[in-house]
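Keep the picture beside you and look up each residue as it comes.

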Amino acid sequence: MPRKPVRHRRLMKYQPLTFSPFARQVAQVASSCMSNRQMHSPDLPKKSQPNSAGNGSRKNTLKVKNEHSEPSDEEEFDGTVQADFAFFDPKPDDFHGVKTLLQTYLDDIEWDLSGFVDLVLEQTTVGTVVKIEDDEDNGIFALATALNLGRYKDHKCFMEVKEFLLKVSQEKDVIDDLRSLLGKEAESVGLLVSQRVMNLPPQLLPPLYDALFDEVSWATEDEPTEELRNFFHFKFYIIVSKVYKHKNAHQKKGMSASDEEIIYIKPEDEIFHELSSWSFEFSLHTQQLATHELRDYRQMGLVMAVKADKIPAFRQQLKSFVEGS
């Protein structure tokens with residue numbers, strides 16, 4: 001069955017965003033692999049009808065216009081790299097790039113990450129990786145997908161995800177809800193996995209999430225069997241992420257009026273957090289090197305449960321945030 005025609009998006013003129021020194025420090029702390037590169041994304045074309053799932057080719061979704069020119073010998077390189085980004089279906093060749101992005105997904109525990117990555121790459125119906133167009137290194141700069149907890153419940157990696165979440169949950173008021181989503185309700189719960197380098201252009205975020213949630217919707221109609229279609233009828237999403245939390249957030253002492261209690265490494269997490277039915281934080285064993293600006297903050301894990309009917313509001317708020325930045 002072919003995919004439904006896509007509503008064409010309005011052409012958006014992407015302007016470079018300006019970040020405060022503090023925000024830049026957060027990005028630098030959160031991402032070491034891209035700390036010396038800043039990417040600029042000017043124009044995105046309209047989205048055309050996607051290709052059929054499983055071919056692993058470039059999606060006809062997002063391609064950033066190339067305005068990059070090589071500096072001459074007399075020109076001084078200022079550290080800025082302009083790049084063309086494109087969205088692709090995941091494919092086996094993306095294994096190492098995706099695994100690198102997910103290296104600390106479950107903090108520092110030893111688990112079947114390779115098996116988890118295999119499942120991500122096998123599900124081409126729903127899922128997107130972001131690369132630089134015509135990049136010989138085939139580097140992965142972002143990943144967005146949603147995996148049904150019930151569908152993969154017998155896989156070792158998903159059993160370990162479940163065990164990890166139950167172990168780190170210390171809040172009594174959410175543990176029963178968590179157990180329910182991981183157990184009897186698992187067939188209607190999607191594990192929303194979104195990882196990327198931290199200085200990816202924020203303008204790519206709305207189209208990236210639009211692609212994800214559009215594909216979820218298409219899969220409920222286009223998958224070849226009723227069983228497969230039902231795997232994408234999500235009622236809840238579970239999101240595992242990271243934030244910076246002020247060390248004195250609980251007692252409020254030692255916090256100035258300008259201090260934020262929580263700094264969201266990924267801006268969309270603040271929206272998810274506000275829309276979540278429940279959430280909890282947990283301590284991380286892996287800590288990024290703190291800059292002077294983050295000396296009073298500690299990186300924490302954040303787990304959120306978001307109802308699927310909140311996703312339209314999320315998409316609109318994310319778009320408004322990026323357009324207003």
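## Charged partners

Arg196 and Glu268 join their side chains in a salt bridge, with 2.6 Å from N to O. Arg196 belongs to strand β7 (residues 189-196) and Glu268 to helix α8 (residues 267-275), so this pair ties together parts that are 72 residues apart in sequence. Both Arg196 and Glu268 are buried. Here a salt bridge is a side-chain nitrogen of Lys or Arg within 4 Å of a carboxyl oxygen of Asp or Glu. Buried means under 20% relative accessible area, exposed means over 50%, and partly exposed is in between (1.4 Å probe, protein chains only).

This is a predicted model, in which local features need pLDDT of at least 70 and side-chain atom pairs count only at pLDDT 80 or more, while totals for chains, interfaces and linings use all residues. Residues are numbered from 1 along each chain as its sequence is written, and side-chain values use heavy atoms, leaving out hydrogens and water.

How many salt bridges does a search of the whole structure find? The search finds six. One of them joins the side chains of Lys131 and Asp94, at 2.7 Å from N to O. This pair links distant parts of the chain, 37 residues apart: Lys131 sits in strand β5 (residues 128-132), and Asp94 in the loop between β4 (85-88) and α2 (95-101). Lys131 counts as buried at 4% relative accessibility, and Asp94 is buried too, with a relative accessible area of 0%.

Another salt bridge is formed by Asp210 and Arg315, whose closest N and O atoms are 2.9 Å apart. Asp210 is in helix α6 (residues 205-222) and Arg315 in helix α9 (residues 311-324), so the pair ties together parts that are 105 residues apart in sequence. Asp210 counts as buried at 14% relative accessibility, whereas Arg315 is partly exposed at 24%. Salt bridges with shared partners also join Lys91, Asp94 and Lys131 into one network.

## The whole chain

Now step back to see the chain as a whole. It has nine helices and 11 strands; helices (H or I, at least four residues) and strands (E, at least two) are DSSP runs, numbered from the N terminus. Of its 325 residues, 52% count as buried. Among contacts between residues at least 6 apart in sequence, 76% join residues at least 24 apart, where contact means heavy atoms within 4.5 Å.

Helix α6 has 18 residues and reaches 25 Å from its first C-alpha to its last, close to the 26 Å expected at 1.5 Å a residue. That expected span is 1.5 Å times one less than the number of residues. Because 16 of its 18 residues are buried, α6 is largely enclosed by the rest of the structure.

Which residues touch the most other members of the largest nonpolar core? They are Phe116, Leu191 and Ile238, in a core of 88 residues. Helix α6 gives the most to this core, with eight residues. Apart from it lies another core of six residues, including Met198 and Tyr244. A nonpolar core is a set of buried Ala, Val, Leu, Ile, Met, Phe, Trp, Tyr and Cys residues joined through side-chain atoms within 4.5 Å.

## A glycine and a lysine

Gly190 is in strand β7 and is buried, with a relative accessible area of 0%. Leaving aside neighbours within four places in sequence, Gly190 is in contact with Leu147, Phe234, Phe236, Tyr237 and Ile238.

Lys266 is found in the loop between β9 (262-264) and α8. Lys266 is buried yet has no salt bridge, and the nearest side chain of opposite charge, Asp269, is 4.4 Å away. Not counting residues up to four places away in sequence, Lys266 touches Arg196 and Met198, among others.

## Two positive phi angles

Most residues other than glycine have a negative phi. Asp107, although not a glycine, has a positive phi of about 60°. Asp107 lies in the loop between α2 and α3 (113-122) and is buried, with a relative accessible area of 6%.

Asn138 also has a positive phi, near 55°. Its place is in the loop between β5 and β6 (142-148), and Asn138 is partly exposed, with a relative accessible area of 26%.

Key: Lys and Arg count as positive and Asp and Glu as negative; His and the chain ends are not counted.
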